[in-house]
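I opened the notebook to write down what I looked up in this structure. The entries follow the order in which I went.

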Amino acid sequence: MPRTNHLPLPDLSGRRALVTGASDGIGFGIARRLAAAGAEVVLPVRNRAKGAAALARIRGQHPAARLSLRELDLSSLRSVAALGEQLRGEGFPIHLLVNNAGVMRPPQRQVTADGFELQLGTNHLGHVALVAHLLPLLTAGRARITSQVSVAARSGEVNWSDVNWESSYDGMRAYSQSKIALGLFGLELDRRSRAGGWGITSNLSHPGVAPTSLLGARPEMGRERDTPQIAVIRRLSRAGILVGTVDSAQLPALFAATSPTARGGRLYGPKGPGNLGGGPGEHALFRPLRDLGEAERVWRVSEDLAGVSFTAPAVA
């Protein structure tokens, strides 16, 4: 498969961007490209030393980059609220938000600081709470919000009878649920923004398949070794067969977040075979993301679980 890593970005000078999961992998690449295009980029990170190293790497390549670190643990609603309070106190509008961070398939069921299944709490509820706490800044910036889903959202559903997977844990199905829920939330956010005049545009992206750290060794999640799947993905990626690279996997989110032609309520991903690799483009919403009733239910339940509300109009 041809290596398609070229995607010109518009001039982002004077715009403030926030990228979750920017200390490595796809998130790091997104933050680096946004900074190179002139945006002021906020990197909210769980591991401050790792975040500082990422910031230094970007500045090493782009000395004029405008970057700053903040602390954020998406698996803690208290941490999300603290970041929201800090940024609201600074008072600067946010123009771009990329909900990119995530965890995938811990070997055993784990829970967040708030008692939610780890993937649901981190991938979905943490981002829901983040958008809620930043809503005044996002409306002030007439922001574009891009939420990173996954090819795993092509199938599966929200397990409403056991949303926290307490009775019969399945790591892959729980991961799919978290990405389906985030996708439904992102689409509903765009609909509610248009109906309420919030000025926010919300769309979705997915990176295809690439050799990131998601399936690699993650001792903090109890995974001491790389999974067999990531070894296969690395080999295919090196050979240029079917899947993408870490660089190409950044492009759909960058396109969705910055392109003048990208629209709200749409899904952007690789356009290669199976949408696993290749250059970015729009394609049809995955089937589990098309149900408007399911999106409304995800919105209501997520507000309740995350302890946030989007009902009051945001004041710029």
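The entries below go from the whole chain to single residues.

**Entry 1: the whole chain**

I noted at the start that this is a predicted model. I looked up the secondary structure and found nine helices and eight strands in the chain. Next I took the extent of the C-alpha trace, which spans about 50 × 50 × 40 Å along its principal axes.

Does the radius of gyration agree or disagree with a compact globule? For 316 residues, such a globule would have a radius of gyration near 20 Å, and the chain has 18 Å, so the value agrees.

I then looked up burial. Of the 316 residues in the chain, 57% are buried. The accessible surface of the chain comes to about 12900 Å². Carbon and sulfur atoms hold 51% of that surface.

For contacts, I took those between residues at least 6 apart in sequence, and 73% of them join residues at least 24 apart. For charges, I found 37 positive and 25 negative ones in the chain.

**Entry 2: aromatic rings**

A pair of aromatic rings is described by the distance of the centres and the angle of the planes. I looked up how many such pairs there are, and the count comes to four aromatic pairs. I wrote down two of these.

The ring centres of Phe 185 and Trp 299 are 5.1 Å apart. Their planes stand at 20°, and planes under 30 degrees apart count as stacked, so this pair is stacked. Where do the two residues lie? Phe 185 is in helix α5 (residues 171-196) and Trp 299 is in helix α9 (residues 292-306). The two are 114 residues apart, and the pair links distant parts of the chain.

I checked burial for both. Buried means under 20% relative accessible area, so Phe 185 at 1% counts as buried. Trp 299 has a relative accessible area of 2% and is buried too.

Phe 185 also pairs with Phe 310, with ring centres 5.8 Å apart and planes at 55°. That pair is tilted. Phe 310 sits in the segment after α9, and Phe 185 in helix α5, 125 residues apart. This pair, too, links distant parts of the chain. I found Phe 310 to be buried, as Phe 185 is. Phe 185, Trp 299 and Phe 310 together form one aromatic cluster.

Ser 150 lies in the loop between β5 (144-148) and α5. Is Ser 150 buried or exposed? At 8% relative accessibility, Ser 150 counts as buried. Leaving aside neighbours within four places in sequence, I found Ser 150 in contact with Tyr 175, Lys 179, His 206 and Phe 286. I also took one distance: Ser 150 and Gly 277 are 127 residues apart in sequence, and 12 Å apart in space from C-alpha to C-alpha.

Trp 165 is in the loop between β5 and α5 as well. Its relative accessible area is 2%, so Trp 165 is buried.

**Entry 3: positive phi angles**

Most residues other than glycine have a negative phi. I looked up exceptions and noted two.

Trp 165 is not a glycine, yet has a positive phi of about 55°. Asn 275, also a residue other than glycine, has a positive phi near 55°. Asn 275 lies in the loop between β7 (267-270) and β8 (280-283). The relative accessibility of Asn 275 is 19%, and the cut-off for buried is under 20%, so Asn 275 counts as buried.

Ser 259 has its place in the loop between α8 (251-258) and β7. Its relative accessibility is 8%, so Ser 259 counts as buried. Neighbours within four places in sequence aside, Ser 259 is in contact with Arg 144 and Leu 254.

Gly 21 is in the loop between β1 (16-19) and α1 (25-36). At 24% relative accessibility, Gly 21 counts as partly exposed. Which residues does Gly 21 contact, leaving aside neighbours within four places in sequence? I listed Gly 27, Phe 28, Pro 44, Asn 100 and Ala 101. Gly 21 and Val 98 are 77 residues apart along the chain, and their C-alpha atoms are separated by 9.2 Å.

Notes:
Residues numbered from 1 in each chain as written. Predicted model: local features only at pLDDT ≥ 70, side-chain atom pairs only at ≥ 80, totals over all residues. Heavy atoms only, no water. Helix = DSSP H or I, 4+ residues; strand = E, 2+ residues; numbered from the N terminus. Rg over C-alpha atoms; globule rule 2.2 N^0.38 Å. Buried < 20%, exposed > 50% of the residue type's maximum accessible area, 1.4 Å probe, protein only. Contact = heavy atoms within 4.5 Å. Areas by Shrake-Rupley, 256 points an atom, 1.4 Å probe, with all protein chains shown as cover. Lys, Arg positive; Asp, Glu negative; His and termini not counted. Charge placed at Lys NZ, Arg CZ, Asp CG, Glu CD. Phe/Tyr/Trp six-rings, centres within 6.5 Å; stacked < 30°, edge-to-face > 60°.
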